[in-house]
Amino acid sequence: MEENQKSRLTPVFWIALAIVSALVLYGVFFSENFESVTGVMQGFITNNFSWYYVSLTTIFIAFCLIFVFTPMGQIRLGKPTEKPEFKTASWFAMLFSAGMGIGLVFWGAAEPISHYFTPPTAEPGTDTAMKEALRRSFFHWGFHAWAVYAVVGLALAFAQFRRNEPGLISSTLRPILGKHVDGPIGTAIDVLAVFATIAGVATSLGLGVMQINGGLTYLFGIPNNIYVQIIIIAVITVLFMYSAWTGLSKGIQYLSNANMILAGLLMIFTLVLGPTVLILNMWTDTFGGMVSNFINM
């Protein structure tokens, strides 16, 4: 048992651990410099590679549409005779919870408000700005985001369940890189994937924890400080570890179903007790506007 556990700790784990640990220590002890450096890096990537990001995600959408409207969409990701392991509702809940998660909890409220006060084209604080804010939010959290998730998920699932490859990003590139995915190139790809995942989750979790703490302060007067936020992170981490330990069929499925039920109740609560007619009008108007202006946006 002990030898089997040791064999699981691949070079990808140790290299990713070293990089993440170094960056965490850098951020803790040299926070201002860390913020300055990462800000410069973000600005460089945004200014020089936005065209690539937008183009690639649009290509992903076209790729997904090809699968939706052609016979290729009928290809099973498992063996030809295998049946789905989960009910459609649970499958959708797990996809939605994993795909959006706490990021949507934070940005679902923050992004429309941000665009409302600083819209790209409209006059801030106007009805036009309100519509543009929602159109932009639907655009950012809509087809493009899900197309990226779908393409990566499709590649991983096909490689693992049809080609019997390990569930690694590098394995999806074997048709292109061949045997090189089993060497340093494959290790580098997987390290990058692990680091990108950790960085993305850390950002979403950090913002979400601040929002949760703010809500607890507003409702119950709980202090809004780093100590409370550490406790919140600890609770979320325990829930995550438990769900991962119990696997998809138990912990992750149960938490995802509970998440969707709570989200549904929140939506009904907001729709019934909020400005119902305004919400429905804005939804149809802004979603239709997003579809109409899709290419331009």
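Helices (H or I, at least four residues) and strands (E, at least two) are DSSP runs, numbered from the N terminus. The model is predicted, so that local features need pLDDT of at least 70 and side-chain atom pairs count only at pLDDT 80 or more, whereas totals for chains, interfaces and linings use all residues. Residues are numbered from 1 along each chain as its sequence is written, and side-chain values use heavy atoms, with hydrogens and water left out.

View 1. Arg136 and Glu132, four residues apart and so about one turn of the helix, both lie in H6. Their side chains meet in a salt bridge at 3.8 Å, N to O (a side-chain nitrogen of Lys or Arg within 4 Å of a carboxyl oxygen of Asp or Glu). Both Arg136 and Glu132 are buried (under 20% relative accessible area, with exposed over 50% and partly exposed in between, for a 1.4 Å probe and protein chains only).

View 2. Lys131 pairs with Asp285 in a salt bridge whose closest N and O atoms are 3.2 Å apart. This pair links distant parts of the chain, with Lys131 in helix H6 and Asp285 in helix H12, 154 residues apart. Lys131 counts as partly exposed at 32% relative accessibility, and Asp285 counts as partly exposed at 36%.

**View 3. A network of salt bridges.** Glu165, Arg174 and Asp182 are linked in a network of salt bridges, within which the closest N and O atoms of Arg174 and Asp182 are 3.0 Å apart. Arg174 is partly exposed, at 25% relative accessibility, whereas Asp182 is exposed, with a relative accessible area of 58%.
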